[in-house]
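Hello,

Please find the structure below. My notes on it follow, for someone who has not looked at it before.

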Amino acid sequence: MIKTRNGDIIVTNEGQNKLLEKLYGSVGGRCALKLLTAPKVSELAGKFMDSGLSKPFIQPFIKRSGIDVSEYNMYDFRSYNDFFTRTVRADRRPIDTEPTHFISPCDSKLTVHRISESSVFCIKNSLYRVSDLLRNKSLADKYRGGLCMIFRLEVNDYHRYCYIDSGVKSRNYRIDGELHTVNPIALGHYNIYKRNSREWTVLRTENFGDVTQIEVGAMFVGRIVNHHEKSRIRRGEEKGFFEFGGSTIVLLTERDRVEIDPDIMQNSADGFETVVKCGEKIGIKKAE
C-alpha cells in the first residue's frame, strides 16, 4: 500500500502486480523465473532494449503508465532504454539545498526501518541482515542503531538518482547476483535484496556522517550505471541511473545522525510506502 505526503492512498501497477503474483505464486511461474532472471537472459533483454527494435514499445508504455511527458526532456528517442533513462526538467525536480535537510536521492516509494542491535530489519514480513546487503560485516556493524531507508522505484518512475549531500565518496563495490523483481509481491518467496545484483559505496557526507548507498538491480536490469568512482561529490549532482526495469536504492545512516519526517515514519510503521521525489526533503540532521 502506498500513500502520498498528503496522506492520500494510491494504487499503482495493478497489472504488473497480478503478473508477479502468478509468477511467484506457482511452481511453473517460479521455474520460468529461473530462466528469466539468469544473467545471460538479462544481458540479451538489455541489448534488445538498447536497439532501435524496441522503439515501438515507447508510446504504448507512456499511455499505459500515465506518464506526464511535460516533466521530461522529450525528443526522438533511439531506443526504449534511451527513453527509460530520459532526463527530467530541472524545474520539476528542485533540489532542497538547506544543509540540515536530508533529501531523497530519487523518485520512489519509501519505507524506513530502524536497524536493530542485532543488525536485522524487517521489510514486508521478511528479515534481512545489513551484512547480507553489503557482504561486509564490519561496515554493517557501523550502522547498528541507525536507519535503513528503502526507496523502491517502479518502472514508470524517473530512474536517475542524485547525491543526498556534498562530501567524498568511496569507490563502487559490485556484487553480482540473480536479478529478481523488487516488487513487494516477490518478498514472500525470495530474499530479494540478498539475491539481486547490486552496487554500493560509502558517502562521507558534510552533514550526516557516513551514509552507505546501495543500488539494487531488478528483473532485466543487469546494468546499474554509476558515473563516478572515488571522488568529491555535490548535493543534487547526478550519481547515476538504472536501465530498463524497476529498481531499488537503499540508504544506511549511522545512529543519531538523521531524523526522518514524522509522516514517513508513521506510514512505514503502518505498513505504507510513501511517495517521494528526487531532491525532496524527507528528514533533518539530528541535533547533537
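Which residues does Asn267 touch, not counting residues up to four places away in sequence? The model is a predicted one. In it, Asn267 touches Lys3, Thr4, Phe272 and Thr274. Asn267 itself belongs to helix α9, which spans residues 262–269. Its relative accessible area is 7%, so Asn267 is buried.

Next, helix α4, made of residues 58–65. Its buried residues include Ile58, Phe61 and Ile62. Viewed down the axis of α4, the buried residues fall within an arc of 100 degrees, and therefore they line one face of the helix. The buried residues of α4 pack against α5 (80–84). Gln59, Lys63 and Arg64 lie on the other side of α4 and are exposed. After α4 comes Gly66, which has a positive phi, near 65 degrees.

Then strand β4, residues 108–114. Six of its seven residues are buried, so β4 is largely enclosed by the rest of the structure. Which strands does β4 pair with? One is β18 (residues 273–276), which pairs with β4 in the antiparallel sense over three bridges. In this pairing, Lys109 stands opposite Val275 of β18. Another is β7 (residues 147–153), which runs antiparallel to β4 and is joined to it by six bridges. Here Leu110 has Phe151 of β7 as its bridge partner.

Last, the cysteines. How many disulfides does a search of the whole structure find? The number is zero. As a reminder, a disulfide is a covalent bond between the sulfur atoms of two cysteines. The cut-off applied to a pair of cysteine sulfur atoms is within 2.5 Å.

Regards

Definitions and conventions:
Residues are numbered from 1 along each chain as its sequence is written. This is a predicted model: local features need pLDDT of at least 70, side-chain atom pairs count only at pLDDT 80 or more; totals for chains, interfaces and linings use all residues. Side-chain values use heavy atoms; hydrogens and water are left out. Helices (H or I, at least four residues) and strands (E, at least two) are DSSP runs, numbered from the N terminus. Buried means under 20% relative accessible area, exposed over 50%, partly exposed in between (1.4 Å probe, protein chains only). Contact means heavy atoms within 4.5 Å. The arc is that of the directions from the helix axis to the C-beta atoms. Two strands pair if DSSP finds at least two bridges between them.
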